[in-house]
Amino acid sequence: IMVIQSIVFPDEICATQEIYYRFKGGCQQHKKGIYLEEGTIFSTNCYMNLFDARTWLRYTGIKIWRLRLLLSGTGSIKVLSQGQDKLEDNSLVLLEKSFTYSKCTELLLTIQGEELQLLYFEIEAKTEVYLYEAQYTY
């Protein structure tokens with residue numbers, strides 16, 4: 001597995017959370033990841049964590065991606081492709097998967113297509129969820 005892009009969180013260089021992720025509900029950043037309270041919706045549809053699949057396709061021909069997550073808890077995850085027009089909510093749900101993990105577990109999702117634009121994911125926490133890390137891989 002080759003890591004193409006890691007999901008990043010605010011740090012001492014740039015602590016502005018809004019350019020890394022969005023959330024509705026309760027969300028706390030810790031040294032080892034993000035803690036989501038039950039009922040929280042977490043999204044990487046932000047400047048620092050959108051994945052530009054169209055550019056990778058153009059320069060490498062890669063059409064199949066994987067989203068690798070390390071997480072625990074119970075919830076669901078959606079992978080979405082945002083269209084060109086950022087003023088409209090024209091995102092397309094590419095896949096959706098439920099998960100239940102009592103301890104930190106790897107979840108690997110395959111995404112493919114030639115029409116993909118900017119990729120991001122959303123997690124809806126059904127119970128407390130901890131997101132340790134996430135990466136787009138090839």
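## Salt bridges

How many salt bridges does the structure hold? This is a predicted model, and the structure holds five of them. Side chains of opposite charge can pair when their charged atoms come close.

One of the pairs is E114 with K63, where the closest N and O atoms are 3.2 Å apart. E114 sits in the loop between β8 (92-112) and β9, and K63 sits in the loop between α1 (53-60) and β7, so this pair ties together parts that are 51 residues apart in sequence. K63 has a relative accessibility of 37%, so K63 counts as partly exposed.

E106 forms a salt bridge with R68. The closest N and O atoms of the two are 2.6 Å apart. E106 belongs to strand β8 and R68 to strand β7, so the bridge ties together parts that are 38 residues apart in sequence.

Are the two partners buried or exposed? R68 has a relative accessible area of 16%, under the 20% limit, so R68 is buried. E106 reaches 42%, between the 20% and 50% limits, so E106 is partly exposed.

K126 forms a salt bridge with E124. Here the closest N and O atoms are 3.5 Å apart. K126 has 42% relative accessibility, so K126 counts as partly exposed. E124 has 33%, and E124 also counts as partly exposed. Elsewhere, salt bridges that share partners join R68, E106 and E133 into one network.

## The largest pocket

The largest pocket holds about 250 Å³ of space. Its lining is made of 14 residues. Which of them lie nearest the centre? They are K24, I41, F42, S43 and E122. The elements that give two or more residues to this lining are β2 (22-24), β5, β7 (64-82) and β9 (118-125).

β9 provides the largest share of the lining, with four residues. By class, the lining of the largest pocket has six nonpolar, five charged and three polar residues.

## A nonpolar surface patch

V8, Y47 and M48 form a nonpolar patch on the surface. Together the three have about 310 Å² of accessible area. Where does Y47 lie? Y47 is in the loop between β5 (41-43) and β6 (51-52). The relative accessibility of Y47 is 69%, over the 50% limit, so Y47 counts as exposed.

I34 is found in strand β4, which covers residues 33-36. Its relative accessible area is 0%, so I34 is buried. I34 and V129 are 95 residues apart in sequence. In space, the C-alpha atoms of I34 and V129 are 8.3 Å apart.

E96 has its place in strand β8. At 51% relative accessibility, over the 50% limit, E96 counts as exposed. E96 and E38 are 58 residues apart in sequence. From C-alpha to C-alpha, E96 and E38 are 18 Å apart in space.

Technical notes. Residues are numbered from 1 along each chain as its sequence is written. This is a predicted model: local features need pLDDT of at least 70, side-chain atom pairs count only at pLDDT 80 or more; totals for chains, interfaces and linings use all residues. Side-chain values use heavy atoms; hydrogens and water are left out. Patches are made of residues with over 30% relative accessible area and no salt bridge: like charges are joined within 9 Å, nonpolar side chains (Val, Leu, Ile, Met, Phe, Trp, Tyr) within 5 Å. Accessible areas come from the Shrake-Rupley method with a 1.4 Å probe; for residues, only the protein chains shown count as cover. A salt bridge is a side-chain nitrogen of Lys or Arg within 4 Å of a carboxyl oxygen of Asp or Glu. Buried means under 20% relative accessible area, exposed over 50%, partly exposed in between (1.4 Å probe, protein chains only). On a 1 Å grid over the protein atoms alone, a cavity is a set of points where a 1.4 Å probe fits but cannot get out, and a pocket is an open set with protein on both sides within 12 Å along at least five of seven lines; lining residues have an atom within 4 Å of a point. Grid points are joined across faces, edges and corners, and a volume is the space filled by probe spheres set on the points. Ala, Val, Leu, Ile, Met, Phe, Trp, Tyr, Cys and Pro count as nonpolar, Asp, Glu, Lys and Arg as charged, and the others, Gly among them, as polar.
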